[in-house]
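Me: I am new to this structure and would like to learn how to read it. Could you take me through some features, one by one?

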Amino acid sequence: MLKKKKIECGLCVVGGGMAGLCAAISAAREGIEVVLMHERPVLGGNASSEIRMWISHAKGRDNRETGILEEIYLESLYRNPTKSFAVWDTILYDFVRREKNITLLLNCTCMDADVSKGEYPDGRNVRINSVTGYQMTTQCFVEVRAKFFCDSSGDSILAPLTGAKFRIGREAKDEFGEDTALKEPDNMTMGMSCLLLVRAFKLSSDNTENFADVMVNDYYASELAIARNTGIVNGIGDNKFAPRSTITRQDMMVIVYRAMQKRGVGFGVYNEPRYPDFTTVALYARDAVSALISAGLVNGKSGLIAPTDYTTRAEVAVLVKRILDYIG
């Protein structure tokens with residue numbers, strides 16, 4: 001029989017990406033006992049060595065993050081000047097391990113939750129009592145009981161497990177007073193982007209195998225299977241794609257670049273674009289960004305490439321139109 005373990009704490013954070021990591025550290029420094037449950041072997045989420053998307057500070061020229069994220073970034077500049085992702089993983093791990101109030105559960109997948117229904121403060125009618133994760137490296141089920149829970153997982157796993165409210169897409173700038181957010185809200189996601197591109201390029205594949213987190217009845221399922229099996233998209237690990245997550249400008253360019261290569265579309269000779277923020281483009285995306293900008297398929301955004309800005313519906317529509325014109 002597999003082992004079972006129970007832990008009690010003040011806050012349980014599910015998801016050890018940059019948001020969850022910072023939340024756990026912040027709470028621990030306030031004296032709260034924290035359990036950080038993360039399904040991967042390394043911290044950082046998309047910023048880890050598994051995905052390799054560097055943290056890129058606040059949006060806009062001359063803006064930068066402060067607080068814990070800035071602490072991590074500054075230490076990385078000192079300890080990791082060559083930007084090795086292997087070293088970066090150890091820096092994130094070290095930041096968490098320094099906090100005596102954090103119990104870290106790596107390789108632990110949140111799989112269940114216990115809730116109670118009733119009348120609770122702030123008009124709530126459901127309360128989370130505990131979450132249960134399975135840690136594959138120890139073959140142990142871990143039940144975490146906490147006063148508060150923070151869902152920082154990539155796909156909001158606690159929403160379906162607890163019946164909590166959730167949203168898909170991106171909010172408008174006036175909802176939370178964010179100057180750099182979208183003017184109007186949208187529900188742009190990775191799956192939708194792949195659907196448009198697969199249809200635009202008329203791609204096909206005899207292999208129907210799909211990512212594990214794509215359901216058969218998802219409206220983008222067949223196109224995403226084609227994108228997966230033709231090598232246009234690789235996913236985020238463990239045969240997952242996170243199709244409901246938003247997509248950055250640089251990732252959109254990578255997908256388009258691969259799709260055009262798959263169709264045999266050439267770009268000729270291209271050089272690195274002369275934008276001041278080109279060095280912030282992820283290494284895996286630089287060829288794609290250079291090629292698409294040189295071909296005139298992608299323009300700058302307020303004088304910048306803005307590689308980690310999220311793609312808007314309008315940008316996707318314009319890009320697809322330009323691609324169709326380009327390939328004739």
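Me: Where do the positive and negative charges sit on average, and how far apart are their mean positions?

Reply: The idea is to give each charge a place and then average. Lys and Arg count as positive, Asp and Glu as negative, while His and the chain ends are not counted. The place is NZ of Lys, CZ of Arg, CG of Asp or CD of Glu. In this protein chain there are 40 positive and 40 negative charges, and their mean positions are 3 Å apart.

Me: What kind of model is this, and how are its residues numbered?

Reply: This is a predicted model, in which local features need pLDDT of at least 70 and side-chain atom pairs count only at pLDDT 80 or more, while totals for chains, interfaces and linings use all residues. Residues are numbered from 1 along each chain as its sequence is written, and side-chain values use heavy atoms, with hydrogens and water left out.

Me: How many helices and strands does the protein chain have?

Reply: Helices are DSSP runs of H or I with at least four residues, strands are runs of E with at least two, and both are numbered from the N terminus. Here you will find 10 helices and 6 strands. The radius of gyration, taken over C-alpha atoms, can be set beside the globule rule, 2.2 Å times the number of residues to the power 0.38. For this chain of 328 residues the radius is 21 Å, close to the 20 Å from the rule, so the chain is as compact as a globular protein of that length. Its C-alpha atoms fill a box of roughly 60 × 45 × 40 Å along the principal axes.

Me: What share of the residues is buried?

Reply: Buried means under 20% relative accessible area, exposed means over 50%, and partly exposed lies in between, using a 1.4 Å probe and protein chains only. In this chain, 45% of the 328 residues are buried.

Me: Which residues does Val-96 touch?

Reply: A contact means heavy atoms within 4.5 Å. Leaving out residues up to four places away in sequence, Val-96 touches Leu-21, Leu-36, Leu-43, Ile-102 and Leu-104. Val-96 lies in helix H3 (residues 85–97) and is buried, at 1% relative accessibility.

Me: Is Thr-103 buried or partly exposed?

Reply: Thr-103, in strand E3 (residues 102–105), counts as partly exposed at 33% relative accessibility. With residues up to four places away in sequence again left out, Thr-103 touches Ile-7, Val-34, Val-35 and Leu-36. Its C-alpha atom is separated by 55 Å from that of Asp-325, 222 residues apart along the chain.

Me: How many aromatic pairs are there?

Reply: A pair of aromatic rings is described by the distance of the centres and the angle of the planes. Rings of Phe, Tyr and Trp (its six-membered ring) pair if their centres lie within 6.5 Å; planes under 30 degrees apart are stacked, over 60 edge-to-face, and the rest tilted. The count comes to 4 aromatic pairs. One of them, Tyr-134 with Phe-141, is tilted, at 5.1 Å centre to centre and 50° between the planes. Phe-267 and Tyr-326 form a stacked pair, with 6.3 Å between centres and 25° between planes.

Me: Where in the chain are Phe-267 and Tyr-326?

Reply: This pair links distant parts of the chain, 59 residues apart: Phe-267 is in the loop between helix H8 (249–262) and helix H9 (286–294), and Tyr-326 is in helix H10 (residues 313–327). Together with Tyr-257, they form one aromatic cluster.
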